[in-house]
Amino acid sequence: MPLRAITNFSDLAASNTAASTDATLKKNISRIHAAGLRMSELIDSLLTLSRLTRRPLGAKDVDLSALASEIATELAAADPARQVRFTLAEGLPDVGDPDLLRVALYNLLQNAWKFTATRKDAAMEFGRTTVDGVAAYFVRDNGAGFDARFVQKLFTPFERLHSAADFPGTGIGLATVERVVQRHGGSVWAEGQAGKGAAFFFTLLNRVPARERVPPTRGTSDV
């Protein structure tokens, strides 16, 4: 594909100019390579988002607490040098597509993990509350937060409220969460304040006949 050709040829150009003293040339080649990789990443993210919209929705009982615990363990294992305090509520079952719900939870928890990276007392929480009489799940952190005036941009693909240099990413994660939640008949929203953390809430208003449900896999893991 064309993007692969761009990155391959930029690699070749970098090798051929390794001995060159032309700093501008090297910088430009590096920029070409980085831009090619960035575009490839964005295209992959768009394809993933598109697949979430098209794939059939499976209906099963899901242990959201267990999913959150598994994801927290994965995040901690991938960056063991970080010290993050997790507070994960236990015993939160619901109904939905376990794979899609895992995608949504992963994006929310990974988002919290990323935006608490500069805090020595980083803390993340997953739990459930009640909003207007409806059960709402949340992922809360004490990280960078955001300017509440631009809250609606959070769920728009490729919109970013923070510099990519400070917090890398494609800007597709929260849009993915919104698609997953909407497919489950729910809604998602955010609350936050710049420098004082953020909280993301979502509901799952499933209308799945009981006969279509599959018994859940029980159990949780500690982080």
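**Helix 3 and its surroundings**

At the start of helix 3, the backbone nitrogen of Ser 65 has a side-chain oxygen of Asp 63 within 3.1 Å. This is a predicted model, in which local features need pLDDT of at least 70 and side-chain atom pairs count only at pLDDT 80 or more, while totals for chains, interfaces and linings use all residues. Residues are numbered from 1 along each chain as its sequence is written, and side-chain values use heavy atoms, with hydrogens and water left out.

Helix 3 takes in residues 64–78, 15 residues in total. From first C-alpha to last it reaches 21 Å, close to the 21 Å expected at 1.5 Å a residue (the expected span is 1.5 Å times one less than the number of residues). Its buried residues (under 20% relative accessible area, 1.4 Å probe, protein chains only) are Leu 64, Ser 65, Ala 66, Leu 67, Ala 68, Ser 69, Ile 71, Ala 72 and Leu 75. Among the elements covering them are strand 1 (60–63), helix 4 (98–115) and strand 5 (134–141).

Further along, Ser 187 sits in the loop between helix 5 (173–183) and strand 6 (188–192). Beyond its neighbours within four places in sequence, Ser 187 is in contact (heavy atoms within 4.5 Å) with Val 181, Phe 201, Phe 202 and Thr 203.

As for the whole chain, it holds five helices and seven strands (DSSP runs of H or I, at least four residues, and of E, at least two, numbered from the N terminus). Buried residues make up 38% of its 223 residues.

Technical notes:
Buried means under 20% relative accessible area, exposed over 50%, partly exposed in between (1.4 Å probe, protein chains only). A polar contact is a pair of N or O atoms within 3.5 Å; within protein, one must be able to donate a hydrogen and the other to accept it, and residues adjacent in sequence count only if both atoms are side-chain atoms.
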